[in-house]
Amino acid sequence: MRDETKCLHAGYTPKNAEPRVVPIVQSTTYVYDSSEAIGAVFDEPTHSLIYSRFANPTVMAVEGKIAALEGGSAAMCTSSGQAALLLAVLNLCKAGDSIVSSTQIYGGAVNLFDFTLRKLGIECIFVSADDDEQTIAAAIKPNTKALFGETLSNPALAVLDIERFAKVAHAHGLPLIIDNTFATPVLCKPISFGADIVLHSTSKYMDGHAVQIGGVIVDSGRFDWKNGKFPELVEPDPSYHGISYTETYGDNAYIIKARMQLMRDFGVYPAAHAAFLLNLGLETLALRMERYCSNALKVAEYLASCEHVEAVNYPGLPGNKYHALAQKYLKGASGVTSFIIRGGREKAMRFMDALQLVSKEVHVADIRTCVLHPASTTHRQLSDAQIAAAGVHPGMVRISVGLEHVDDILEDIGQAFARAFH
Ligand code: PLP
C-alpha cells in the first residue's frame, strides 16, 4: 500500500459485518472464560488483551497504522509526545547512563533531557545538528545508550542529517532515536535512512485538528540489542516473570519491553476516544501534508519578498541553510516557517495583533493557520541577549501555515503588515 492508502486502511481490517470505522472500545478490561485462560494471558501478553493501561483495540488500530506508515515492526501510543520521549529513553537508560542529543530540538525535550532526566541520574550531552561525525562521536561515552535528534526541528527548522547521526550511532553499537513530529512519515521515513526508533507528538500533524494530545513510539525492529550494551533487553526481567525480551519477542523486543514494563509502571496509555480522534486525523494525513507544504512554501516566498521582513527561515526556500538536506530527506518542508520582522519585538507584536484570520496560539500543525511570538511566550523569561543566544530573535514570528486558501492567508498577512507599519 502507498501512504495515502495506508492512512485509510492500515491497522484495521473489518471482517464480515464488523463496523466500517474503527470502533471506540471504551472498556478498561476484557472478559475470559476461565481463570486458567486469564492466567495464560500473562504468559502471552501479545496474543490477548489484559487491561487498557497496556493495550486497547482502538489504540492498537492506530498503532498498526502508524507502524505501517513509518515502515516499523510495531508501535506503542502514549498519552502525549512528552510521554513518548520519556519512555523511549527510559526503555534504554537507567541512572548512570547517558544519551547524546542534537541541541536543535523542541524546548520540552530539552527540559526533559537536561533537567528532569538529569535529576534521575541520566545525563544528556548535546551536540549541534550541524556537527561532523568526529564531534558527534566525541560526545559518546562508555555509558551512552542512544543518540537523539529531530528530523525537522521545532522551532529552529534545522534538518537533521539522519544518515550521519545513524552512522556514528551504529559505529558505537547504539540506536538512533528520531522525533519525526514535524516531518511525519508522509514527508520522511527516518527508518529508511537508518533510524532505529522513531517517535512523534501525535498532537501535531498526525491529529492535525487540535483535538487530542498524544504520542507514539515506533520500533524499526532492526537494532541488534544483543550487542552487549543492552542487558536489560536480553537478560531475564525479574519484574516480568523472568522473560528475556530479545529471546521471546525477537524484532519487537524494544517495543514489548516499553509496553509490558514501562507502560505497566508509568501508565501513560491514551484513552480509546483520543485514539479514535487521532485516527480521523491520520486518515487525511497524506492529503493534508501536500497542502501544508505547498501553502507554506507560497507564504515563505511571499515573506522573503516583503520589505518588512528581515529574514525568513524555511528549508523549502533555495537559499536556506538546510535546503540541500531538505531536498534529500523530505518530500516537502512541512507547514511551519519563522521570520524576523524589521523593527524588532514591538513591530512583531503589532503585526500579530493586526492579524484577523490567522490566530495567535501556542500550537503548530493545526489545519488552521496560527502564529506565535516566541520572545514573549515560550522564551518569555529570557532577556533579549539570552533570547538571541537561543536563536530566537525578538522580532521573530513563527507561523504554522494551515489549509485555508493560500490567498486568504497571504491577504491577512499583507493587511497586518500594512496596519503594523502605517
Ligand atoms: N516533540 C516535538 C517535536 C514537539 O513539537 C512536541 C510538542 O510541541 C513534543 C515532542 C511534545 O509533544 P506533546 O505536546 O504531545 O506532549
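How do the residues of the lining of the second largest pocket divide into nonpolar, polar and charged? In this predicted model, in which residues are numbered from 1 along each chain as its sequence is written, the lining of that pocket divides into 12 nonpolar, five polar and two charged residues, where Ala, Val, Leu, Ile, Met, Phe, Trp, Tyr, Cys and Pro count as nonpolar, Asp, Glu, Lys and Arg as charged, and the others, Gly among them, as polar. Local features need pLDDT of at least 70 and side-chain atom pairs count only at pLDDT 80 or more, whereas totals for chains, interfaces and linings use all residues, and side-chain values use heavy atoms, with hydrogens and water left out.

The second largest pocket holds about 330 Å³ of space. Of its 19 lining residues, T46, M60, E63, I256 and R259 are the closest to its centre, and the elements that give two or more residues to this lining are α3 (57-70), β1 (74-78) and α11 (253-266). Helices (H or I, at least four residues) and strands (E, at least two) are DSSP runs, numbered from the N terminus. A pocket is an open set of points on a 1 Å grid over the protein atoms alone, with protein on both sides within 12 Å along at least five of seven lines, whereas a cavity is a set of points where a 1.4 Å probe fits but cannot get out; lining residues have an atom within 4 Å of a point. Grid points are joined across faces, edges and corners, and a volume is the space filled by probe spheres set on the points.

By this rule the count comes to one cavity of 30 Å³ or more, and about 30 Å³ of space lies in the largest cavity. The lining of the largest cavity consists of C77, T78, T202, Q212, G214, G215, P270, A274, A275 and L278, of which five are nonpolar, five polar and none charged. Both β1 and α12 (272-283) supply at least two residues of this lining, and the largest share, three residues, comes from α12.

The ligand is surrounded by 14 residues (a heavy atom within 4 Å), the closest being N154, D179, S201, S203 and K204. This shell divides into three nonpolar, eight polar and three charged residues, and helix α4 (residues 81-90) gives the largest share, three residues. Among the polar contacts (a pair of N or O atoms within 3.5 Å), an oxygen atom of the ligand lies 2.6 Å from a side-chain N or O atom of S203, an oxygen atom of the ligand is 2.8 Å from a side-chain N or O atom of K204, and a backbone N or O atom of Q82 lies 2.9 Å from an oxygen atom of the ligand. On its own the ligand has 390 Å² of accessible area (Shrake-Rupley method, 1.4 Å probe), and the protein covers 91% of that area.

The peptide bond from N154 to P155 is cis, with omega near 5°, and P155 lies in the loop between β4 (144-150) and α7 (162-171). A210, in the loop between β6 and β7 (215-219), has a positive phi, near 60°, in a residue other than glycine.

A search of the whole structure finds 12 salt bridges (a side-chain nitrogen of Lys or Arg within 4 Å of a carboxyl oxygen of Asp or Glu). Because D3 lies in helix α1 (residues 3-9) and K189 in the loop between α8 (184-187) and β6 (197-201), the pair ties together parts that are 186 residues apart in sequence.

Conventions
A polar contact is a pair of N or O atoms within 3.5 Å; within protein, one must be able to donate a hydrogen and the other to accept it, and residues adjacent in sequence count only if both atoms are side-chain atoms.
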